[in-house]
Amino acid sequence: MHAFFGLIRQDLRLATRQGGDTGLVLGFFVLAVILFPFGIGPEPELLRRVASGTIWVAALLAAVLSLDRLFATDYADGGLDLIALSPLPLELVVLAKGAAHWLTTGLPLVVISPLLALFVDLDSAALPTLVFGLLLGTPAMSLIGAIAAALSLGARRPGVVMTLLVLPLYLPPLIFGTGAVEASLTGDGARAHLLLLAALTVATLPLAPLAAAAALRQVLD
């Protein structure tokens, strides 16, 4: 486990040194949410109706924007070959990189989301559900994104391939996350949607590393 946590620390240090990547993701997230009201108009009732979907879609697209740094840099400089030769199984490598991606991308998006929710006039009573839903759903997005990032390595246009692969897979967390907020606003209770989000994240913990590691082995061979 020392090598596992060491890999997470290494990725966190690299992300700290290259702070522009995290800033770019957060900047995209903020601008996407801020620009949305200009497109649909400033009517408060309409903004409230689409607020949760706006934030979830913006968070989803911001996560996609940062997926290329999961394996591409290590693949380009040969570091991925050295990691594959280490005693650490590739499945744990994927899990470590997914954890580092979430800490540098998913968690900042969760932290900043309440401020943006107020900007689009989301009912303050639904804020805890929104934040908790993002907290449950963004780890699954990082791990699902790891599969797409691994599959797109070596492609002629990896960014396009990765986006086409990952966007359909992001539909379940998007549906459950927005559904939880809507259920909270209507008084139906968000528990079922949040449990589905949690189940999705729990399912990706063993399955996504297996799939991404298989793709990495194919690329390295």
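1. Helix 6 (90–119) and helix 7 (127–151) each supply at least two residues of the lining of the largest cavity, where helices (H or I, at least four residues) are DSSP runs numbered from the N terminus. This is a predicted model, in which local features need pLDDT of at least 70 and side-chain atom pairs count only at pLDDT 80 or more, while totals for chains, interfaces and linings use all residues. Residues are numbered from 1 along each chain as its sequence is written, and side-chain values use heavy atoms, with hydrogens and water left out.

2. The structure holds one cavity of 30 Å³ or more, a cavity being a set of points, on a 1 Å grid over the protein atoms alone, where a 1.4 Å probe fits but cannot get out. The volume of the largest cavity is about 30 Å³, a volume being the space filled by probe spheres set on the points. Its lining, meaning residues with an atom within 4 Å of a point, consists of Ala63, His101, Thr105, Gly106, Thr138, Met141 and Ser142. By class, two of these lining residues are nonpolar, five are polar and none is charged, with Gly counted among the polar residues.

3. Side chains of opposite charge can pair when their charged atoms come close. A search of the whole structure finds two salt bridges, each defined as a side-chain nitrogen of Lys or Arg within 4 Å of a carboxyl oxygen of Asp or Glu. In one of them, lysine 97 pairs with aspartate 11, and the closest N and O atoms are 3.1 Å apart. Because lysine 97 lies in helix 6 and aspartate 11 in helix 1 (residues 2–17), the pair ties together parts that are 86 residues apart in sequence. Lysine 97 and aspartate 11 are both buried, that is, under 20% relative accessible area, whereas exposed means over 50% and partly exposed lies in between (1.4 Å probe, protein chains only).

4. Glutamate 91 and arginine 217 also meet through their side chains in a salt bridge (3.1 Å, N to O). This pair links distant parts of the chain, with glutamate 91 in helix 6 and arginine 217 in helix 10 (residues 191–220), 126 residues apart. Glutamate 91 is partly exposed, at a relative accessible area of 21%, and arginine 217 is partly exposed too, at 36%.

5. Leu24, Phe28, Val57, Leu61, Leu65 and Leu167 make a nonpolar surface patch of about 460 Å²; patch residues have over 30% relative accessible area and no salt bridge, and nonpolar side chains (Val, Leu, Ile, Met, Phe, Trp, Tyr) are joined within 5 Å. Helix 2 (19–40) and helix 3 (44–65) are the elements that give two or more residues to the patch, and helix 3 gives the most, with three.

Methods:
Patches are made of residues with over 30% relative accessible area and no salt bridge: like charges are joined within 9 Å, nonpolar side chains (Val, Leu, Ile, Met, Phe, Trp, Tyr) within 5 Å. Accessible areas come from the Shrake-Rupley method with a 1.4 Å probe; for residues, only the protein chains shown count as cover. On a 1 Å grid over the protein atoms alone, a cavity is a set of points where a 1.4 Å probe fits but cannot get out, and a pocket is an open set with protein on both sides within 12 Å along at least five of seven lines; lining residues have an atom within 4 Å of a point.
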